[in-house]
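Have a look at the model first, then read on.

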Amino acid sequence: MTVEEKLLTSPSFTFPTPLQWLDSTLRGIGQIIFQDNRWSGVLFLVGVATGTMYSSNAIWMTLFGIVGSLAGAVLAVLARRPLTEVTQGLHGFNPSLVGMVTFFWYPLNVATIGLAVAGMV
């Protein structure tokens, strides 16, 4: 039996549903402003996308904020963190901030994308 099979068949392991992935991603973004609420995450993303309209990287900041929050949730599941922590977004706010801040300070290029991904992990 491979490691993956052992992990997925373990009785203590609960794999999130697609709605839980979406919820934890948005809650992770909401945790940036200390709100355990998916709608706070949506409003925060709208604020980043519209509030930085004068920045050429606004769409990348928004996109990598979402990618960062999702990456934090995926890594938390792979690290076998409790599902309650994952669905509360506790592992998504920091990678989300790294994704957003990287594109705030640096222009879009391959090195910046690599920096953002390395910082999210």
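Arginine 80 sits in the loop between H4 and H5, where helices (H or I, at least four residues) and strands (E, at least two) are DSSP runs, numbered from the N terminus. Bear in mind that this is a predicted model, in which local features need pLDDT of at least 70 and side-chain atom pairs count only at pLDDT 80 or more, while totals for chains, interfaces and linings use all residues. Residues are numbered from 1 along each chain as its sequence is written, and side-chain values use heavy atoms, with hydrogens and water left out.

**Positive phi in the loops**
- Arginine 80 has a positive phi of about 60° although it is not a glycine, and this residue follows H4.
- At 38% relative accessibility, arginine 80 counts as partly exposed (buried means under 20% relative accessible area, exposed over 50%, partly exposed in between, with a 1.4 Å probe and protein chains only).
- Phenylalanine 34 also isn't a glycine, yet its phi is positive, near 60°.
- You'll find phenylalanine 34 in the loop between H2 and H3, and it is exposed, with a relative accessible area of 72%.

**Helix H4 itself**
- H4 covers residues 58–78, and its 21 residues should span 30 Å at 1.5 Å a residue; the end C-alpha atoms are 30 Å apart, so the two agree (the expected span is 1.5 Å times one less than the number of residues).
- The buried residues of H4 are Ala58, Met61, Thr62, Phe64, Gly65, Gly68, Ser69, Gly72, Ala73, Ala76 and Val77.
- Those buried residues pack against H2 (18–30), H3 (38–51), H5 (83–87), H6 (93–105) and H7 (110–120), with contact meaning heavy atoms within 4.5 Å.

**H4 against H6**
- The axes of H4 and H6 come within 6 Å and cross at roughly 155° (axes are lines fitted to C-alpha atoms, for helices over the stretch in contact, and angles run from 0 to 180 degrees between N-to-C directions).
- That angle makes H4 roughly antiparallel to H6 (under 35 degrees counts as roughly parallel, over 145 as roughly antiparallel, 65 to 115 as roughly perpendicular and the rest as oblique).
- On the H4 side the contact is made by Trp60, Met61, Phe64, Gly65, Gly68, Ser69 and Gly72, and on the H6 side by Pro95, Ser96, Gly99, Met100, Phe103 and Phe104.
- Sorted by class, this H4 contact with H6 has 7 nonpolar, 6 polar and no charged residues (Ala, Val, Leu, Ile, Met, Phe, Trp, Tyr, Cys and Pro count as nonpolar, Asp, Glu, Lys and Arg as charged, and the others, Gly among them, as polar).

**H2 and its partners**
- H2 and H3 pack at about 65°, with axes 7 Å apart, which makes H2 roughly perpendicular to H3.
- Asp23, Leu26, Arg27, Ile29 and Gly30 of H2 meet Arg38, Ser40, Gly41, Val42, Phe44 and Leu45 of H3, a contact that divides into 5 nonpolar, 3 polar and 3 charged residues.
- With H4, H2 packs at an angle of about 120°, the axes being 8 Å apart.
- Here Trp21, Ser24, Thr25, Gly28 and Ile29 of H2 meet Gly65, Ile66, Ser69, Leu70, Ala73, Val74 and Val77 of H4, and the contact has 7 nonpolar, 5 polar and no charged residues.
- Serine 24, in H2, is buried, with a relative accessible area of 2%.
- Leaving aside residues up to four places away in sequence, serine 24 touches Ser69, Ala73, Val86, Thr87 and Gly89.
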